[in-house]
Amino acid sequence: MDEKIIKYAYRLKKVLDEHEEVIKLNEIEVLLNENAEVKALQSAVLDALEKLSEANEYSYLVAEQKAARKVLHLAKLKRDENPLIQKYLKQYQKVKKLYDQINQEIFDPFCESDGVTCRVK
C-alpha cells in the first residue's frame, strides 16, 4: 500500500481518537463495563437469547418459543431503559453520524464517478 495513504490513515485515526465525541463515547463505554447493574441487565438479555435459541431448535415448542421471545423482549426493554445505556446510545449516534460523514467524503466521489451507488442515501 502507498506510504502516503498509510500516513493519512494513521493521521485520520489519531484525529478521530482525539475527537471530543469519540472521547465521550469511550468514557461512557468504560462506565458501562464497570457498572454492575448494566452487566446484570446484559446478562439477563444473553440468558433470554440462549433460552430462545434452545426453544427454536425444536419446531414443536411453539409455546416455549413464544414465551422465550416475550422474556427476551422484556429483558431488552429493561436494559435499554437504563439511563447509562440511553446515554451511551445517544452518544453512539453522534459518533456514528461523524463516521458516516467521513465515509461519505472519502468514498462517495469514487462511487459516483463510476455511476455506482455505494450506499443507500
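Guide: Let us begin with aromatic pairs: rings of Phe, Tyr and Trp (its six-membered ring) pair if their centres lie within 6.5 Å; planes under 30 degrees apart count as stacked, over 60 as edge-to-face and the rest as tilted. By this rule the count is 1 aromatic pair. The model is predicted: local features need pLDDT of at least 70, side-chain atom pairs count only at pLDDT 80 or more, and totals for chains, interfaces and linings use all residues. Residues are numbered from 1 along each chain as its sequence is written, and side-chain values use heavy atoms, with hydrogens and water left out.

Visitor: What makes the aromatic pair of Tyr88 and Tyr92 stacked?

Guide: The centres of Tyr88 and Tyr92 are 6.3 Å apart, with 25° between the planes. The limits are 6.5 Å for pairing and 30 degrees for stacking, so the pair is called stacked.

Visitor: Why are Tyr88 and Tyr92 separated by about one helical turn?

Guide: Because they are 4 residues apart in helix α5. Helices (H or I, at least four residues) and strands (E, at least two) are DSSP runs, numbered from the N terminus. The protein has 5 helices and 0 strands.

Visitor: Why is Arg79 called buried, and Tyr92 partly exposed?

Guide: Buried means under 20% relative accessible area, exposed over 50%, and partly exposed in between (1.4 Å probe, protein chains only). Arg79 has 17%, so it is buried; Tyr92 has 36%, so it is partly exposed.

Visitor: What does the side chain of Arg79 make a polar contact with?

Guide: Arg79, placed in helix α4 (residues 62-80), makes a polar contact with the side chain of Asp80 at 3.0 Å. A polar contact is a pair of N or O atoms within 3.5 Å; within protein, one must be able to donate a hydrogen and the other to accept it, and residues adjacent in sequence count only if both atoms are side-chain atoms. Here both side chains take part, so the contact qualifies.

Visitor: What makes up the largest nonpolar core?

Guide: A nonpolar core is a set of buried Ala, Val, Leu, Ile, Met, Phe, Trp, Tyr and Cys residues joined through side-chain atoms within 4.5 Å. The largest has 12 residues in all, including Leu16, Val22, Tyr88 and Ile102. Helix α5 (83-113) and helix α2 (20-34) each supply at least two of its residues, and α5 gives the most, with 6.
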